[in-house]
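Dear colleague,

Please find the structure below, handed over for your records. My findings follow it.

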Amino acid sequence: MITEKPGLMEEVRGRFAHVDTCPITGPRIFFENAGGALTLKSVVETSATYAAIPDNQGRDNPASKELMRVIGQAKADMRTFFNVAGGQLFVGESGTEVLFRLIRSAVNAVPEGGKLLGSTLEHPASRSAMGYWAEKTGREHILVAHDDATGTVGVEAYRKALSADLRVATILHTSPVTGMSVDVPAIAKAIREAAPGCLIIVDGIQHASHGHIDIDSYGIDGYAISPYKVFSRHGYGIGWASDRLTALPKEQLRGGPAENWELGTRDTGAYATFSNVVDYFAWLGGHFTGSGDKRARIEAAAKAIHAHEKTLTDAMLYGTGNLKGLSELPGVGIIGGIENPAREGLVSLTVEGKEAADVVAALNDQGIRTHTRKADHYSGNVLDPLGLPSAVRVSLCHYNSLEEVAQFLAAMAEIADAG
Ligand SMILES: Cc1ncc(COP(=O)(O)O)c(C=O)c1O
């Protein structure tokens, strides 16, 4: 546990910008991490450094060669972070754009006919891309129904929709609305058994900050993340494409390297900031393992992150000190159930008789930042079946503290009491 190592929590918090103060509004507790996590100070510095360098990549001069080296190092770091030996890693415009690109490339390159498969739990990034290309290519887009009670989707639900003619399938790793994770390897394995040629693309955008990504164990063809949701900054997305997906025809410059997924000149600073993220995970993990191996350290960090996040969400749900947990507050409902082993650092809640936006505003007034999820095109897939117009999303990361949770619970007790 992070808090069991003397001084480590302070060191962790010291590595991030704006931990307890918003540059716009002043002191605040940040429980809006699912919308965009805090940024590492090293990322801020790196961004400024590379933004000022005029040289381009691929030139015969030392500055250009240094940029190429930095990109090469970042790709190696990404491989370690994703734990993947093969395939290609690349940077795109955003997580959404990377998902659209992977899905567009897959759907247009697989043999004609067949079906596309996804689930109702998915964020519109993957659902929209699959829906669009299903219509364009005249294929059925099957959406496996997620479970309203648990806020996730299991392999059994997917199993009912499996057939040998599946061409492309999508899996959401963690839901940004319920906060529940999905058993990606089990679902991918079931899909592969039914349709070995089916290309499987995973949206890992909400999962990444929780630390444990292990693509080599998943049996998939594509994975996407948004770096600003995992301690880097806005302005780019990261994609991984398997060798078999990479080998298929895709949009690229004619005459360029066949394996290339990148379109145009890359931002070296974007790549470099992801090395900062991986170095941070390795630094954190170094407090929990004696191993000097970067991957072993990242895995150790993921375990520590998970344990800390579970302590915090348990405190939110069941209370801490003499403060009641959300599960004990009158009229408070928890999406996906109270006890849920799939939870990843996020609690979505409702307060009877109160609009979610009013709860979020009341929390804001007390310096606690959360977010309203409305039953719109982003969250209606989860909220509509529950008959909820909106919900309050409280999302945390490993740098959040028990004291912050306690302040949140004190505020929630007042809000719930105010009936
Ligand atoms: C699971 C998931 N997928 C996709 C997205 C879209 O990410 P971006 O806006 O960074 O492209 C989000 C954003 O919250 C998300 O949580």
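This is a predicted model: local features need pLDDT of at least 70, side-chain atom pairs count only at pLDDT 80 or more; totals for chains, interfaces and linings use all residues.

Residues are numbered from 1 along each chain as its sequence is written, and side-chain values use heavy atoms, with hydrogens and water left out.

The ligand has 13 residues around it, of which T96, D203, Q206, S226 and Y228 come nearest (a residue is near if one of its heavy atoms lies within 4 Å of the molecule). A polar side-chain atom of T96 is 2.5 Å from an oxygen atom of the ligand. For Y228, a polar side-chain atom is 2.8 Å from an oxygen atom of the ligand, and for D203 one is 2.6 Å from a nitrogen atom of the ligand. Of the 390 Å² of accessible area that the ligand has on its own, the protein covers 87% (Shrake-Rupley method, 1.4 Å probe).

N33 is found in the loop between β3 (29-30) and α2 (41-51); helices (H or I, at least four residues) and strands (E, at least two) are DSSP runs, numbered from the N terminus. N33 counts as buried because its relative accessibility is 3%, the limit being under 20% relative accessible area (1.4 Å probe, protein chains only). Leaving aside residues up to four places away in sequence, N33 touches L38, S395, L396, C397, Y399 and N400 (heavy atoms within 4.5 Å).

Key. Buried means under 20% relative accessible area, exposed over 50%, partly exposed in between (1.4 Å probe, protein chains only). A polar contact is a pair of N or O atoms within 3.5 Å; within protein, one must be able to donate a hydrogen and the other to accept it, and residues adjacent in sequence count only if both atoms are side-chain atoms.
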